[in-house]
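Please look over the model below before reading on. The notes that follow are grouped by topic.

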Amino acid sequence: MNIMVKKINQGTIKIIATIRDYAKEKLFDKLPKSISYYELELKPLSDDSIKKIVEKEYSITNHLYLERIADIAQGNPRLALMAASIVKKQNRLDAIYDVTTLYDEYFSSIKKDIEIFEKNDLLLLSVAIISFFRIIDRENTQQIDMIEKAFDISIDAIWKNIEELHRLEVVDMYENNVVKVSDQILSTYLFYKTVFVDKKINIGIFLKHFFPSFKGKFVDALNPLLSSFDTNLILEVLREPVNNLWGESLSNKQHIYEVINTFWFLKQTDILIYFSEAIEQLDNVEIDAEPLDIWKQINTNQTDEILNKLSLFRHDSLENMKISIELIITYLTKVPSKIYEVIIVLTKNFGIKYDSYRYNYSKEKILIDTLWNFTEHGKNQLLTRLFIRVCSEFLKTEFEENKMKGHNFIISRYKPFETENLQELRNDIFEKLDILFSSGNFLGDLENLIQKYPSGISYSADVSNVEKWDVQNILNLIEKYFDSSIYRHCQIVQNLLKSFDGHKLVYDTSIKETFKHQAYELKKLLFLNDVDISLEQPRDKEEKTDWDKIRQIKHDRLADFVKDYTLSDWLQLFDSCKLFFAEQGRDAYNLKSSLNELFHIIAHKNETLYIDILEKYLELGDPFLLNLNMSDLIKIVGKEKAFEFIKKYSFQAQETWLFNLFIAIDESKITSKEAESLLELYKTSSYRSMPSHLDYLIKYCTVDENIFLEIMTILVNRAENEDNRFVDTFSIIFNPFTDIFKLLDQYIYSDIVLFKKAYLFCLNCENHFDYDMMAFNKLINFDINFVDNYIVYILNSHDKSISSHDIHNDFSLIWKRDDYQKIFLRIIEVIYSLKTKQLVWRKGELLKVFFINRENQGEIENRADSLIKKYIDLYFSDNKKIIFIFELISEFKRRKKNSSYILFHR
């Protein structure tokens with residue numbers, strides 16, 4: 001290599017070499033430093049790449065063939081082409097279910113080498129052990145002790161054979177301590193050949209000594225065997241040792257569950273009997289199934305152990321699968337609280353799979369028929385509702401399946417294959433649903449089923465015949481059992497038809513008019529927002545939007561709509577709004593805004609009707625959480641009667657309405673009585689009811705000059721002693737854009753302690769509080785010592801470590817003060833004096849945030865330089881402080897950093 005260095009560097013010679021990952025570092029260490037290299041990791045080909053190769057080379061397009069070939073190949077193109085060759089010749093999928101012959105040919109060179117040592121049992125034992133464990137570490141004493149005990153052999157004896165296997169390139173070895181099979185396919189083949197075909201090693205030894213401690217190893221070893229080789233041979237070899245293991249584990253519930261998880265395919269009858277007896281012994285628990293919300297989102301991935309084990313039979317014979325479903329349903333009748341887990345198991349584990357068509361959807365039919373028999377045509381309420389919920393999932397037209405493939409988690413979405421069997425299954429589901437709903441019961445579940453249907457249609461794939469089959473079946477249910485006078489029914493139908501239109505599904509459009517509710521026009525008006533109105537008429541892009549004009553248009557439309565409304569009409573409007581509000585949730589901002597405006601309109605048009613409407617509305621309990629203009633009420637009945645009017649009714653937001661009355665009172669009408677009442681309200685109300693601004697208190701100062709201080713004292717004390725969320729009620733006073741902020745100096749002068757405490761509370765609750773430090777600037781005008789309080793507080797407010805990234809303020813204003821040096825020297829000293837237990841990432845890095853020149857002003861830059869110069873001059877002989885300040889300097893940009901170094905050297 002040294003001889004070739006010159007030519008390699010000149011580019012006249014390039015070397016491509018392959019090496020195992022465990023040995024690459026040793027090679028790199030030996031390469032001359034003058035030789036450059038590039039490392040490229042060769043990974044297995046993806047399944048898609050394998051499929052493309054097979055399609056190109058052998059013109060195989062059947063997706064089932066391609067999937068099976070990709071599974072066999074595991075990223076190996078040579079294996080893929082060998083499997084494709086067999087498929088091309090025999091044109092049968094089962095021709096590559098047992099790939100023993102294929103593997104024999106692929107590993108023929110190794111197979112011949114190993115056959116030389118057929119009489120060397122230790123060699124074969126070594127092969128089996130390595131294949132089972134995948135990796136053996138000679139320094140892992142626990143692993144080595146178990147191997148020596150299980151096979152009654154020393155590790156030294158095994159290692160001699162391992163070295164021979166390494167020579168044959170069957171295994172990889174690292175520093176003569178760690179050994180692993182050279183590739184996964186080889187590992188699978190060797191274990192199968194040694195343990196199951198040649199039977200040189202008794203699988204029972206592995207079970208006796210390594211199960212269940214290494215159950216994952218058994219799963220890793222057996223799953224690829226069962227999917228690639230002679231399944232009957234494997235089962236035959238496993239049967240007797242697993243039977244023994246079953247008998248030994250029956251007395252230990254945890255162990256028997258481990259046996260079931262790993263070897264269920266050998267003990268089907270025993271498992272079904274075991275759980276049948278276990279379920280039989282459970283006590284019956286009665287439950288009212290009607291109030292159960294079976295349609296809610298189920299977020300749990302934790303499945304009951306019994307359900308988990310019984311769901312394994314999805315992969316078994318139809319007869320055993322039917323029995324397992326019956327046991328699941330029986331279990332639910334005993335423990336109805338498991339309804340949500342049962343829904344998951346039946347819809348996910350027993351639901352429609354990608355390959356369901358291969359079995360003519362027979363498994364899905366068994367589930368539907370079995371569950372149907374338990375409903376007793378609707379007499380069993382719990383199981384009938386379960387049936388409807390499961391049917392809803394089966395009526396999706398796109399499904400999702402998640403699975404692990406190697407080390408990859410794969411999410412696949414698929415549409416069911418269209419076959420006559422699928423059509424029969426879906427028609428059968430609709431027929432059974434029709435029978436259930438014909439009794440007049442379960443109509444709420446019908447609403448949910450139809451409401452949920454559009455979400456099961458894919459927007460990423462074209463519609464198929466499946467959706468077309470369903471259209472008339474769904475519309476038949478609607479025409480039979482929906483009532484066009486019920487708003488919810490109309491809304492569900494309109495949303496369904498909107499989905500049909502989006503997917504270009506054909507149906508009789510007359511149903512649109514049939515289910516067009518009279519409340520639709522009202523809803524359209526009430527939910528209209530300013531932006532919608534602005535977009536009604538085309539306009540020039542450069543034309544400025546006149547929002548005042550738009551708001552007037554909305555006002556006029558609302559006024560015109562209710563111009564002839566009587567009290568009865570208003571009550572009907574409230575009933576309709578309840579439907580809208582329930583549909584839109586508590587965030588129906590546009591609805592609330594329109595209702596507020598309607599109350600304002602009627603207050604100016606007909607005061608008597610306004611009071612009548614407001615009385616009825618409050619009798620309903622303020623169902624829409626409105627924020628009415630209290631000036632209207634005060635204008636009509638006066639301030640005293642306005643308070644009496646609100647207090648007469650009991651509703652959730654009463655305190656908020658009372659606060660709004662205090663805000664709405666004209667300054668000239670305020671008396672000491674209102675000031676006292678307001679103070680009492682602040683003492684007793686929830687923080688949720690309080691206004692988030694305090695500017696309105698200025699007008700109360702004419703009757704009580706200390707009212708702002710008194711209310712601040714109440715709020716700060718309640719934040720300290722009751723709930724820190726009271727901070728939200730007063731943090732606004734430190735906002736420089738408020739009126740109260742302009743008067744803050746006089747209040748701080750009166751009670752500096754109160755406002756320091758208030759400021760620190762706000763600091764703890766809001767990330768970007770007082771960003772430009774204007775409130776802080778006011779406070780230190782009265783007490784320079786507050787600098788120390790501020791620094792200590794922000795450091796102690798972080799439970800974990802703190803760095804400059806946790807402080808978001810701009811200190812430019814403080815740098816512009818005449819006493820900036822005094823302030824920042826205090827900041828430096830406080831941070832320097834921090835105890836070592838304080839979780840600060842680096843003190844210099846933390847200090848950096850106070851020196852960031854966010855305004856990029858030369859004056860601030862010069863002042864910062866001047867401050868550092870002064871600090872170095874002051875503490876030149878103090879090594880610790882000089883080291884500390886250079887922690888800060890090291891954080892600066894190069895120019896500033898260099899100037900500090902020059903200063904220090906001088």
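Predicted model: local features only at pLDDT ≥ 70, side-chain atom pairs only at ≥ 80, totals over all residues.

Asn-91 counts as exposed, at 56% relative accessibility. Asn-91 lies in the loop between helix H5 (77-90) and helix H6 (100-106). Its phi is positive, near 55 degrees, and the residue is not a glycine.

**Backbone in the loops**

- His-377 also has a positive phi, about 55 degrees, although it is not a glycine.
- The loop that holds His-377 runs between helix H20 (362-375) and helix H21 (381-394).
- His-377 is exposed because its relative accessible area is 53%, and the cut-off for exposed is over 50%.
- Phe-211 and Pro-212 are joined by a cis peptide bond, with omega at about 5 degrees.
- Pro-212 belongs to the loop between helix H12 (203-210) and helix H13 (215-228).

- Strand S3 covers residues 178-181, and its side chains alternate.
- Val-179 and Val-181 point to one face of S3 and are buried.
- Strand S1 (residues 135-137) runs antiparallel to S3, and three bridges join them.
- Within that pairing, Ile-136 has Val-179 as its bridge partner in S3.
- Strand S2 (residues 171-174) also runs antiparallel to S3, joined to it by four bridges.
- Opposite Val-179 of S3 stands Met-173.
- S2 and S3 make a hairpin, with three residues between them.
- In the turn of this hairpin, Glu-175 has a positive phi of about 50 degrees.

**The largest nonpolar core**

- The largest nonpolar core holds 294 residues.
- Which residues touch the most other members of this core? They are Phe-263, Phe-730, Phe-755, Tyr-759, Phe-850 and Phe-851.
- Helix H37 (residues 707-721) gives the most to this core, with nine residues.
- Phe-263 touches Leu-207, Phe-211, Phe-218, Leu-222, Val-242 and Leu-245, leaving out residues up to four places away in sequence.
- One of these partners, Phe-211, is joined to Pro-212 by the cis peptide bond.

**Aromatic pairs**

- The count of aromatic pairs comes to 67.
- Phe-132 and Phe-133 form one of them, edge-to-face, at 5.0 Å centre to centre and 90 degrees between the planes.
- Phe-132 and Phe-133 are buried.
- Tyr-257 and Phe-275 form a tilted pair, at 5.9 Å centre to centre and 35 degrees between the planes.
- Tyr-257 lies in helix H15 (residues 253-263) and Phe-275 in helix H16 (residues 268-280), so this pair ties together parts 18 residues apart in sequence.
- Tyr-257 and Phe-275 are buried.

**Charges over rings**

- The charged end of Lys-309 sits over the ring of Tyr-257, 4.8 Å from its centre.
- Tyr-257 thus takes part in a pair with Phe-275 and also has Lys-309 over its ring.
- Over the face of Tyr-359 lies Lys-363, at 4.9 Å from the ring centre.

- Ile-602 is in contact with Trp-570, Glu-607, Leu-609, Tyr-610 and Ile-613, leaving aside neighbours within four places in sequence.
- Gln-494 is 108 residues from Ile-602 in sequence and 33 Å from it in space, C-alpha to C-alpha.
- Asn-320 has its place in helix H18 (residues 318-334).
- Asn-320 is buried, with a relative accessible area of 14%.
- Which residues does Asn-320 contact, leaving aside its neighbours within four places in sequence? They are Gln-268, Leu-272 and Phe-313.

How values were computed: Residues numbered from 1 in each chain as written. Heavy atoms only, no water. Buried < 20%, exposed > 50% of the residue type's maximum accessible area, 1.4 Å probe, protein only. Helix = DSSP H or I, 4+ residues; strand = E, 2+ residues; numbered from the N terminus. Pairing = 2+ DSSP bridges. Core = buried A, V, L, I, M, F, W, Y, C linked by side-chain atoms within 4.5 Å. Contact = heavy atoms within 4.5 Å. Phe/Tyr/Trp six-rings, centres within 6.5 Å; stacked < 30°, edge-to-face > 60°. Lys NZ or Arg CZ within 6 Å of the ring centre and 35° of its normal.
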